Structures are given as structure tokens and as C-alpha cells.
Amino acid sequence: MAVFLEVVEWLDDEGNEIVHRVPEQGSGEMAVGSQIVVRENQSAVIFRDGRALDVFGPGRHTLTTMNIPLLKNLLGLAFDGKSPFRVEVYFVNRKVFTDAKWGTTEPIPFRDRELDMLRIRAHGIYSYRVDDPQLFVNTIVGTQRLLERKDIEEFFRNVIISRLTDFLGENYTSIFDLPANYDELSMGAKARISDDFRKYGVELVDFYIKSITPPPEVEKMMDERSGMRAVGDLGDFTRFQAAKAMREAAQQEGGAAGAGVGMGAGIGMGMMIPGMLKESMQESKEKCPHCGNPVPSGANFCPSCGRRLGGAFCPQCGKPVPPDANFCPNCGTKLK
């Protein structure tokens, strides 16, 4: 049984509903003299048989034969202007809806010039408003049967992801270039997505990208790669870490436990010293003039034969002597 609609109005206390249908179920009967009250930032669309017939803006509207010509043409000559007719009234909220979230439910493929093929996730927010209520009701409400905000935004989320995927693939080649270009990327994506929104009578007011990230396992590999670059020379870093561990162990007041830590660090350092010495000797190109074995750079004595390096010395008293001297000027020992 249809509900007779004498005065039709809708007040959204929370302001989060985009479309409200009167009556909520079935259809209602209206006649000449019925009134439609439309509040600020609202539009009322009269809907019949799957088609939006007319739109009313803010104000109180009394139905007359002057403002329902479409109904008269639709119902034919049998309509005398007095008999009730079955309709549905859709109130459309025209305010700007902010903080609408979009994001990828599944990673999307992206070909990166440095990392090759990988999957990325993208998230952001956008704001929108209904610009053409009649087109919106015909395409979204009448065709898609979407009334709730969450359902409408879910529909638009799929549109956003599809267009953003195309835009990324056409204009960017590396994920490392994206953070520095979020503003440009947002503006370019908004221009492309706006055309799709406009087809449904909706204006895309703002569009922002908050993050574009690879999967967690790829992020971990990228962090490890950055850490290796930050470390620099691995040998120097290892020696620094060992020395730091010994210093911290010596400062601990943990009794036997602290002593054990210190002993472990000392043993580890003791095992590292021969390798460090060998490495430093391999890096050095200097050789002992007496035995011919390599010596560390800047050494004063040869680690192999124990003899003093860097100039001539008296074998008897150990004092330095001139390069061409035949006798030691200190003790008189014959040198040649």
C-alpha cells in the first residue's frame, strides 16, 4: 500500500548521508498541492519508474501543473491534476564530503627500473560533492542502486585505483622517484579521475596521496641495502663494534655476568687482532730492509726480525749514524 505524501522533507542530523529516499520502502502518492521542503545544500529529485523526472533546489515547493509538466506528459491525458500519482523522492546532500579514504585492497603490479617488477600499495584521501543531482540519481542511485555513503565510496574507490594504476605506469619508472613527486602525482591523477567522477554527476574537489609502498619483505630488503651503504667499509665497522663492545662491557657493574661479558668481548677482540694485523700488513706495501718481510705502515720496528726501521743505526750502541759513515760517531764501532 502506497503512502500518501502531503509534505515531504528530510533532515540529516549527522550530515553523513548522501542520498535519502522518501518513502524508504516502496513508493508514495503525491498530488497537486503536495509540498516538498528542500533545505540548504540539498536537492530533491522526483523519481518514477526508474527515471528522474525533475529537480527542486532549496526552498518550499508546492506541486502544481506548472512545475510537473514531465509528469503530465508521462501519465498522459488521463491525468487530471487532482488524482494522486506514485513517485519516490530522493533528497541529495550537496555538501562537500571530506576525508573519504581510498586504498588498494590488493597490491598492484609496477615495473621499476631499479627493482624490476614489484607489487605496491597506495593509500590516500579525497573529497567530493554531488554537482548534478539528476545525473547522479539516474546513474548511481537508479542504475547501481547505491544509497549508503560507504557503498558509493566503495564504487569510486575502484575507479580511483584503476585510473591511478594507469597513470603511474605511464609517467613513472621507479618507486624511489614517487615520494618527491606526490604533489605532481596527486594533481595528475586528480585530472584523470575527475573525468570519471563527472560522468556520474560528482565533482572531485580534492585528491591526495598519502603513501605508495612496496610489500613488507621488499621494504626490509631496501632497509638492509641502505644500512650496508651507511656502514661503509665492513672491516672498519667490525673493529669499531668490537672496541665499543669492550668499552661497554668494562663499564658494566654486573658482577660475574659483567665479567663474563667483558671476558667474551676480550676473547673476541683477541681473536680479531691477528686478522686485523694481517689485514693491515697486506694493505701495506713497505718491507723490512733487513729481512724483506712486509711491515705495517708507520712501524718503527719490524714485527718479524725486531730490527729498527727508518734509517741507519749503530749495531753496538743503537744510536743513529749518518748514511755514509764507516764508524759510529758515538762508540767508534766499525760499521762497514
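Helices (H or I, at least four residues) and strands (E, at least two) are DSSP runs, numbered from the N terminus. The views below show a predicted model, in which local features need pLDDT of at least 70 and side-chain atom pairs count only at pLDDT 80 or more, while totals for chains, interfaces and linings use all residues. Residues are numbered from 1 along each chain as its sequence is written, and side-chain values use heavy atoms, with hydrogens and water left out.

**View 1. Ser186 in helix α4.** Ser186 belongs to helix α4 (residues 182-198). With a relative accessible area of 8%, Ser186 is buried (buried means under 20% relative accessible area, exposed over 50%, partly exposed in between; 1.4 Å probe, protein chains only). Leaving aside neighbours within four places in sequence, Ser186 is in contact (heavy atoms within 4.5 Å) with Phe207, Tyr208 and Ile209. The side chain of Ser186 reaches the backbone nitrogen of Ile209 at 3.3 Å.

**View 2. Pro215 in a loop.** The loop between β13 (202-213) and α5 (216-231) holds Pro215. Pro215 is buried, its relative accessible area being 9%. Although Pro215 and Arg121 are 94 residues apart in sequence, their C-alpha atoms are 7.4 Å apart in space.

**View 3. The buried face of helix α2.** Pro133, Phe136, Val137, Ile140 and Val141 are buried in helix α2 (residues 133-141). Seen down the axis of α2, the buried residues fall within an arc of 100°, so they line one face of the helix. The arc is that of the directions from the helix axis to the C-beta atoms.

**View 4. The nonpolar cores.** A nonpolar core is a set of buried Ala, Val, Leu, Ile, Met, Phe, Trp, Tyr and Cys residues joined through side-chain atoms within 4.5 Å. The largest one has 45 residues, of which Tyr126 and Phe136 touch the most other members. Helix α3 (residues 149-171) supplies the largest share of this core, 8 residues. Domain 1 (7-93) and domain 2 (97-214) both give residues to this core, so it lies between them; the domain bounds come from an automatic or database domain assignment. Another core, of 13 residues, lies apart from it and includes Val22, Met30, Ile36 and Ile46.

**View 5. Confidence along the chain.** The predictor's confidence in each residue is given as pLDDT, from 0 to 100. The protein chain has a mean pLDDT of 76, and 72% of its residues reach 70 or more. Among its elements, strand β10 (residues 97-103) has the highest mean pLDDT (92) and helix α1 (residues 69-75) the lowest (51).

Definitions and conventions:
A polar contact is a pair of N or O atoms within 3.5 Å; within protein, one must be able to donate a hydrogen and the other to accept it, and residues adjacent in sequence count only if both atoms are side-chain atoms.
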